[in-house]
Amino acid sequence: MARSRNHEEWTKPPPFTQDEYVDSRIYSDEDIFEEELDKIFKKAWIPVCHESEMPNAYDFRTVTIAREPIVMTRGKDMKVRAFLNVCPHRGNMIERRPSGSFLEGSPSGNPRHMTCMFHAWQFDMKGRCVYISRQEEGYQDRLKKQQVGLRELKCEVYFGGFVWVCLDDNTPFETVEQWSAGSLECLKPSLDEEPLEVFHYHKAIIPCNYKLWHDTNCEFYHDYLHYHNRITGFNDSYFARKNMGFDNGHINVGSFEVNYDNYEGFDSRAAISFPHLPPNHWYMIDMFPGVNFNLRGSSLRCDLMTPLGPDKVMIEFRGLGLKSDDEATRQSRIEHHNSIWGPFGRNLHEDLLAVTGQGASMHPRAERRQILHGRHENETIHDENGMRHFYEEWGRWMDRLPADPDQPFLEGDNIKKAAVAAAT
Amino acid sequence: MSWKTVCSTDEVGEHSIKLFDVDGVSILVANVGDGFRAYPPVCPHMEEPLIESGICANGQLTCTKHLWQWDMRTGEPKGPAEKCMLLYEVKAENGQVLVNLEQELEYDFDEDDDDDY
């Protein structure tokens, strides 16, 4: 007979193999979190912004990856470059604004340059040091400008104009295409046909681990959270959508045709669906370690997760349409985006409520517990193979077993063998 | 020759500078006491707008960003300045200051030159 459990029973492993659950400390432990910044976020390609956020020569954006301050510039040659936003002189952060233009000079600097406010060293859009104040007086001929350029980072504009940065010069993934391992192909024709433009941006700082948000994007079993999904969205083709894994921990959620006529107050998106996308189709791409691309017919959403602590994540939400949109088309895309995904839309706040509740139970130093992802449903969207695929990759990068992070990682088949050995 | 009227002679006070726009070209006009001079509007060092950073004293113009200085009459560099100021031909006639705008004068900032250290 089913009954509740005491502490000993509660803490026992579930009747699953070790790839079907994780130890909750991977969502809350401070040491594991710091290790993730070093072993994962400082090594992965991250789409930090979109090129339409810096459309003109001398525009810039600043972001962080794994707490490292980064500045992206657009040069006179219109090329986007990324640098550590750190002065080589005294380690001060050079640019403090989130975005803007270097076209006009700052109080201590000149037009078309980045200037460190501290001692007025200046750098051009290619990261070259072009001015050291009282250089000869202080450094004589001992320090030359070419010895103190900014630290340039690997940077690529790829996949519909997203700006990707990688902190690791020695990454085995020379290009974003290699890093994506085929996971972007399902949407690439739709995003690369013509220039895109960000029309919506907001960010949320949520008290939960970044992976919990990524999980909500990877599993659709939580349709039960979304009242409207249940009463309007389900049909056989919905449940037949496939979850597909790609190398490097990325996944796709396969498309189906959404019948927006079933959604009260919603219109078909067929007329302004993205190029090459079958009308009203809906693809999702979840990239390791914390990026989501979500195209619902007419409107593209991108979530970028920046982990701030074991139980704190900043999520930046972007909505994108075609740069060529006329005013009415753009307005429709914005409505389509906001009605589901805006901060006051139909689904987004429900997802945020769920992960906030998880965060409350998985705070740092919380007792370890098991978090299950053991559903097998023919790799369709209520299967949890997407999360299993993610955590296998996570274990590989961290050399920790997600189900027992004090143990080293075991490749998939070995997990099952170990589970059998433990049981016998 | 393409002489253009920039301003009247009483618009620029003695030993001071003022910025004018002539057919979309920015011209910095200086009154040097017994005459006028006209320069491109930016410092030849790092493009600083001289109308904001420039100070006139003792016949010299100083860009306060990095203290480059010039003789206002000749444009010759003084102190740490490494480049001359460019001067337009200028004349005062019938209470008007005229500048020969045959060609807009611009400094070469070598932005894309990789060997400019």
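Select A:Glu393 to begin: this residue is buried, with a relative accessible area of 7%. Here buried means under 20% relative accessible area, exposed means over 50%, and partly exposed lies in between, as found with a 1.4 Å probe on protein chains only. The model is a predicted one, in which local features need pLDDT of at least 70, side-chain atom pairs count only at pLDDT 80 or more, and totals for chains, interfaces and linings use all residues. Residues are numbered from 1 along each chain as its sequence is written, chains are lettered from A and ligands numbered from 1 in the order in which they are written, and side-chain values use heavy atoms, with hydrogens and water left out.

A salt bridge is a side-chain nitrogen of Lys or Arg within 4 Å of a carboxyl oxygen of Asp or Glu. Both A:Glu393 and A:Arg396 lie in helix α11 (residues 385–398) of chain A, three residues apart, about one turn of the helix. Helices (H or I, at least four residues) and strands (E, at least two) are DSSP runs, numbered from the N terminus.

Now move to A:Arg81 and A:Asp77. Their salt bridge has its closest N and O atoms 2.7 Å apart.

Turn to chain B and select B:Lys4 and B:Asp23, a salt bridge with the closest N and O atoms 3.0 Å apart. B:Lys4 lies in strand β1 (residues 3–8) and B:Asp23 in the loop between β2 (16–22) and β3 (25–31), so the pair ties together parts that are 19 residues apart in sequence. B:Lys4 is partly exposed at 30%, and B:Asp23 is exposed at 62%.

Return to chain A and select A:Asp23, A:Arg25, A:Arg368, A:Asp404 and A:Asp406, which salt bridges with shared partners join into one network. Over all chains, the whole structure holds 35 salt bridges.

Finally, display residues 210–218 and 348–361 of chain A, which are helices α6 and α10. Among the residues in contact (heavy atoms within 4.5 Å), A:Leu212, A:Trp213 and A:Thr216 of α6(A) meet partners in α10(A) that include A:Leu348, A:Asp351 and A:Val355.

Technical notes. Axes are lines fitted to C-alpha atoms, for helices over the stretch in contact, and angles run from 0 to 180 degrees between N-to-C directions.
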